[in-house]
Amino acid sequence: MKTGAVNILESGKTRINVLDKNKVEMAGEGGGVEKSKRILVTGGSGLVGRAIAKVVSEGEGREDEDWIFLSSRDADLTSAEQTRAVFEKHRPTHVIHLAAMVGGLFRNMKYNLDFWRNNVHINDNVLHCAHELGVQKVVSCLSTCIFPDKTTYPIDETMIHNGPPHSSNFGYSYAKRMIDVQNRAYSQQYGCKFTAVIPTNVFGPHDNFNMEDGHVLPGLIHKAYLAKKEGSSLTVWGSGKPRRQFIYSLDLARLFLWVLREYQEVEPIILSVGEEDEVSIRDAAESIVEAMALKGELVYDGTKSDGQFKKTASNKKLREYLPQFKFTPFKQAVKETCDWFVTNYDTARK
């Protein structure tokens, strides 16, 4: 199947090829192929945005779709004026909203106010512009960290607002929760088709591999790379006991396309592997050691915080819609991510 035109804007230090660029620039201007969907992806240069661009460009795009991937270089979405300008420039019919201020456990603990303020501004600006410019559908990205800290497991989509989130990242969590509140309010007051997805721990190529501010898996991959290079041990922060459901970014990208095209509910949907595929941080570290062929010792630093022990999520709702969807096996996804990081070490975010 021929893919639709894919316009991927220049962002950061990594250059992504532009497919059918002339068609994209001419669409709606009397030339090229007329498109019925113009899909704007905020945060398009990040982990999930790059994954969506990859699956779209490799065969899962459609002929009636134009895809535009934005980065922070194209607009500061905390600014209402810049957000409005970029929306007026591209006039999207659909939006996948990924842009956010993000970080790992220790950065969240240090800057809760910044995470709250920046993300509230970004989300309000994007959704308000989408409404004012008549965008047909917005799919925003939440996180399982928004769920109550004290809860029953597995968590599901009905439990988001049942109590306060974990204290370590309450700023980010409450800001993300407000997207769900806004989606419902825009639907009630204006009939907007704004919804959200809740992925579990995402990882893959183009992740942020910073060892202090990144998430656990990419941080460990970077540490393992250096440990192998230096012939040293690999130190894991915390006890290794907390458990997580990891989802490969390319699997998440395919699910995002389905949500954009087919999912009709305003209520959010959890995008995750099953409960049976939850792994401990220790298991994840051992998978990285295997993928990197690391010979050194694994050391656990118990002086560092473990954060939330588990966030086990139910993917029952997803499976009711897509019972046959196949996730990439965890060890395979880890190996592919490690291989990508080693190959692209000089240009990877770290």
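Analyst: The sulfur of Cys141 lies 10 Å from the closest cysteine sulfur, that of Cys145, which is too far for a bond. A disulfide here is a pair of cysteine sulfur atoms within 2.5 Å, and a search of the whole structure finds zero of them. Cys141 is buried, at a relative accessible area of 11%, and Cys338 is also buried, at 0%. Buried means under 20% relative accessible area, exposed over 50%, and partly exposed in between, with a 1.4 Å probe and protein chains only.

This is a predicted model, in which local features need pLDDT of at least 70 and side-chain atom pairs count only at pLDDT 80 or more, while totals for chains, interfaces and linings use all residues. Residues are numbered from 1 along each chain as its sequence is written, and side-chain values use heavy atoms, with hydrogens and water left out. The average pLDDT (the predictor's confidence in each residue, from 0 to 100) is 89, and 90% of the residues score at least 70. Over residues 9-32 pLDDT stays under 50; for this stretch the model has 43 contacts (heavy atoms within 4.5 Å) beyond four places in sequence.

Helices (H or I, at least four residues) and strands (E, at least two) are DSSP runs, numbered from the N terminus. The peptide bond from Tyr153 to Pro154 is cis, with omega near 0 degrees. Most peptide bonds are trans, and most residues other than glycine have a negative phi.

Two residues other than glycine have a positive phi to note. His206, with phi of about 70 degrees, sits in the loop between strand E7 (201-203) and helix H7 (216-230). His206 is partly exposed, with a relative accessible area of 21%. Ala293 has phi near 55 degrees and is found in the loop between H9 and strand E13 (298-301). Its relative accessibility is 40%, so Ala293 counts as partly exposed.

Helix H9 (residues 281-292) also holds Ser287. In contrast to Ala293, which is partly exposed, Ser287 is buried at 8% relative accessibility. Not counting residues up to four places away in sequence, Ser287 touches Phe330, Lys331 and Val334.
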